[in-house]
Amino acid sequence: MKTLQDFNFHAQKAIIRVDFNVPLDEHFNVTDANRIEAAKPTIDKILADGGSVILMSHLGRPKGKQDQFSLRHIVAKTAEVLGVSVQFAPDCSGEIAQQAARQLKAGEVLLLENLRFYAEEEAGDVAFAKELASLGDIYVNDAFGTAHRAHASTTIIAQFFPEKKCFGALLAKEIDSLNRVLNNSVKPVTAVLGGSKVSSKITVIENILDKVDHMIIGGGMTFTFVKALGGAIGNSICEDDKQELALEILRLAKEKNVQVHLPVDVVAADSFSNDAQTQVVDVTKIPDGWQGLDAGPKSLENFRAVIMESKTILWNGPLGVFEMESFAKGTITLGNFIVESTQNGAFSLVGGGDSVAAVKQFGLEDKMSYVSTGGGAMLEMLEGKVLPGIAAILN
């Protein structure tokens with residue numbers, strides 16, 4: 001696996017695929033610069049070597065060239081984060097980009113215009129990829145969030161750098177962290193899987209059953225399992241057509257000696273609202289007209305015992321509707337258990353949009369071993385898929 005450490009970038013132009021798809025407010029100010037900050041170690045190393053940097057990214061889902069999706073809006077914030085001035089090319093293709101790249105000197109940074117202004121980017125067009133490749137001497141992929149897409153800048157471009165391509169620091173760390181969970185884990189290994197649907201997690205569950213010792217199931221998908229086992233779930237969310245699948249997962253887990261931990265009690269509400277009436281009930285005896293919206297105290301006690309004896313923890317999905325304060329306690333408490341276990345020496349990996357949002361919201365992000373930056377990409381790796389953006393560097 002070639003990383004930044006395999007190259008000296010002196011007098012080299014590194015063309016880096018970054019993921020600067022950052023949120024902007026109505027005045028086009030960056031409201032969360034995490035993704036820019038995440039790319040800084042890669043850029044710093046190249047500049048320190050005496051190289052120059054050409055950054056390429058997408059922003060949003062533009063239909064052709066639309067100014068609200070222009071990367072010019074993030075130039076000032078990028079310069080502020082990197083601590084160097086950032087030049088901007090108002091195109092990522094054609095003579096404008098070529099000239100800006102030609103004039104780039106050692107120690108300088110150039111940001112290209114939004115790749116998705118061209119349909120060729122998402123189509124994985126070879127000619128477009130070749131044109132992007134002509135701008136740099138070494139290709140660096142540091143965009144984990146788009147590594148599961150076979151786009152021109154994430155995958156196709158790599159073929160034009162047979163010997164001079166590598167992973168950036170962020171992408172290398174993502175791969176290492178996932179490998180620590182999936183392939184080189186210290187036992188016991190626990191996977192916490194939450195969220196609303198069994199169907200969205202089934203491939204993940206199938207792939208990790210051989211690699212984990214414990215599986216904690218929470219969130220809305222709890223009720224598909226509980227109903228399949230004969231429990232009364234009231235008005236709780238349930239995928240009726242996945243009940244057989246839930247029973248099959250439990251059977252497979254037993255066969256592989258994986259202990260499955262379902263909630264034993266839940267915080268039930270009489271409506272899907274922060275102001276609803278609530279009561280703590282047995283997960284198998286939820287009254288009609290009530291729905292389970294968070295894990296209950298006994299469940300959390302049980303989960304704590306599992307988390308505290310774990311040496312490797314994967315967390316993907318919340319335990320309840322954490323966006324509503326009344327139903328956030330389970331997710332916050334679980335997060336604090338994982339933090340405590342991490343402080344005691346466990347390796348914790350958090351990934352998937354909702355769990356990442358939760359750890360950020362509740363200030364737990366810096367207390368986990370690693371928080372993944374790529375929701376869809378991480379899920380596909382957990383499913384056992386080879387991501388095209390990663391394969392392109394390895395091959």
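Guide: Two strands pair if DSSP finds at least two bridges between them, and strands (E, at least two residues) and helices (H or I, at least four) are DSSP runs numbered from the N terminus. This is a predicted model, in which local features need pLDDT of at least 70 and side-chain atom pairs count only at pLDDT 80 or more, while totals for chains, interfaces and linings use all residues. Residues are numbered from 1 along each chain as its sequence is written, and side-chain values use heavy atoms, with hydrogens and water left out.

Visitor: What makes strand S16 and S17 a pair?

Guide: Strand S16 (residues 347-350) and S17 are joined in the parallel sense over two bridges, which meets the requirement of at least two, so they count as paired. Within this part of the model, Leu349 stands opposite Tyr370 in S17.

Visitor: Why are S10 and strand S17 called edge strands?

Guide: The open sheet has six strands in the order S10-S8-S7-S15-S16-S17, with parallel pairing, and S10 and strand S17 (370-371) each pair on one side only. Across strand S15 (312-316), S16 and S17 lies H6, running at about 115° to S16.

Visitor: How do you know that the length of helix H9 agrees with its number of residues?

Guide: The expected span is 1.5 Å times one less than the number of residues, so the 13 residues of helix H9 (residues 243-255) should span 18 Å, and the end C-alpha atoms, 19 Å apart, agree with that.

Visitor: What makes the buried residues of H9 line one face?

Guide: The buried residues of H9 are Gln243, Ala246, Ile249, Leu250 and Ala253. Seen down the axis, these fall within an arc of 115° (taken from the directions from the helix axis to the C-beta atoms), so they line one face of the helix. On the other side of H9, Glu244 and Glu255 are exposed, whereas the buried residues of H9 pack against helix H7 (202-208), strand S8 (214-217), helix H8 (222-228) and S10. After H9 comes Asn257, whose phi is positive, near 60°.

Methods. Contact = heavy atoms within 4.5 Å. Axes fitted to C-alpha atoms, helices over the stretch in contact; angles between N-to-C directions. Buried < 20%, exposed > 50% of the residue type's maximum accessible area, 1.4 Å probe, protein only.
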